[in-house]
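Here are my notes for a first look. Have the model open while you read, and take the points in order.

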Amino acid sequence: MKEYVIATNNKHKVEEIQHVLGDKVNIITLRDLGCKDEIPEDQDTLEGNARQKARYIWDKFQKNCFADDTGLEVDALGGRPGVYSARYAGERCSFDDNIDLLLEEMGGKTNRNARFRTVICLIEEGKEFFFEGKCEGTITTERYGKKGFGYDPVFMPKGYGESFAEMSLDEKNKISHRGLATQKLIKHLLK
Ligand code: IMP
């Protein structure tokens, strides 16, 4: 079975990705590798960050690996928070802090269109491949649902009457940015 290192210790992400990959590919985490490094992620694009994280693993361990980076791009905010989605409300802020700031900044805005965008960088034998997934939707005016993480309670995917935080992991994965990018990655891995 093929084995790949996923350049994250975020358990939500490992859970979601392993859920989509099933038993087709064996995923190893940084923890499994005994790697406790704080991997740098200081580029100003999603592509740049995904590549930086995957390169770090490849350079250090020479193991096939992939890394992703995701941002929430809100049209009325000129694409913010985008690549800065995790730290939108400041360093060490919580998911709740980010949502509070987003709802505040979106107060009174009529254009509530937004998208989640994920970029995955895969490194196989030193060679780079990029996969992108997008999910269009709108920012709600209040929180709905308790599932998921991050901005899920305030993101309603286009064509659906519930937020990501009201959907099962299965439902979310079928239409989500990371689910779609991961499907492209899987297609490549199974080639
Ligand atoms: P990351 O690059 O996957 O770590 O994502 C950066 C930030 O975007 C996270 O800290 C979350 O706030 C947000 N985010 C990423 N993916 C999702 C998602 O599927 N739902 C809600 N928020 C997300």
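**Salt bridges, a buried lysine and the core**

1. Start with Arg115, which counts as buried because its relative accessibility is 14%. (Buried means under 20% relative accessible area, exposed over 50%, and partly exposed in between, using a 1.4 Å probe and protein chains only.) Before going on, note that this is a predicted model, where local features need pLDDT of at least 70, side-chain atom pairs count only at pLDDT 80 or more, and totals for chains, interfaces and linings use all residues. Residues are numbered from 1 along each chain as its sequence is written, and side-chain values use heavy atoms, with hydrogens and water left out.

2. What does Arg115 pair with? Its salt-bridge partner is Glu136, with the closest N and O atoms 2.9 Å apart. (A salt bridge is a side-chain nitrogen of Lys or Arg within 4 Å of a carboxyl oxygen of Asp or Glu.) Arg115 sits in strand E5 and Glu136 in strand E6, 21 residues apart. (Helices, H or I with at least four residues, and strands, E with at least two, are DSSP runs numbered from the N terminus.) Glu136 is partly exposed, because its relative accessibility is 34%.

3. Strand E6 holds another one to look at: Glu128, 73 residues from its partner Arg55 in helix H3 (residues 46-61). Glu128 counts as partly exposed, at 26% relative accessibility.

4. Now try Lys172, in helix H5 (residues 169-175). Is Lys172 buried or exposed? It counts as buried, because its relative accessibility is 2%. Lys172 makes a salt bridge with Asp152, the closest N and O atoms being 2.9 Å apart. Asp152 lies in the loop between E6 and strand E7 (155-157), and Asp152 is buried too, at 2% relative accessibility. Leaving aside neighbours within four places in sequence, Lys172 also has Glu16, Phe149, Phe164, Met167 and Arg178 among its contacts (heavy atoms within 4.5 Å).

5. Finally, the largest nonpolar core has 18 residues. (Such a core is a set of buried Ala, Val, Leu, Ile, Met, Phe, Trp, Tyr and Cys residues joined through side-chain atoms within 4.5 Å.) Among the members touching the most others are Leu72, Val74, Leu102 and Phe164. Strand E3 (65-74), helix H4 (95-105), strand E5 (113-124) and strand E6 (127-139) each supply at least two residues, and H4 gives the most, with 3. Beyond its neighbours within four places in sequence, Val74 contacts residues including Leu102, Met106, Ala114 and Ile139.
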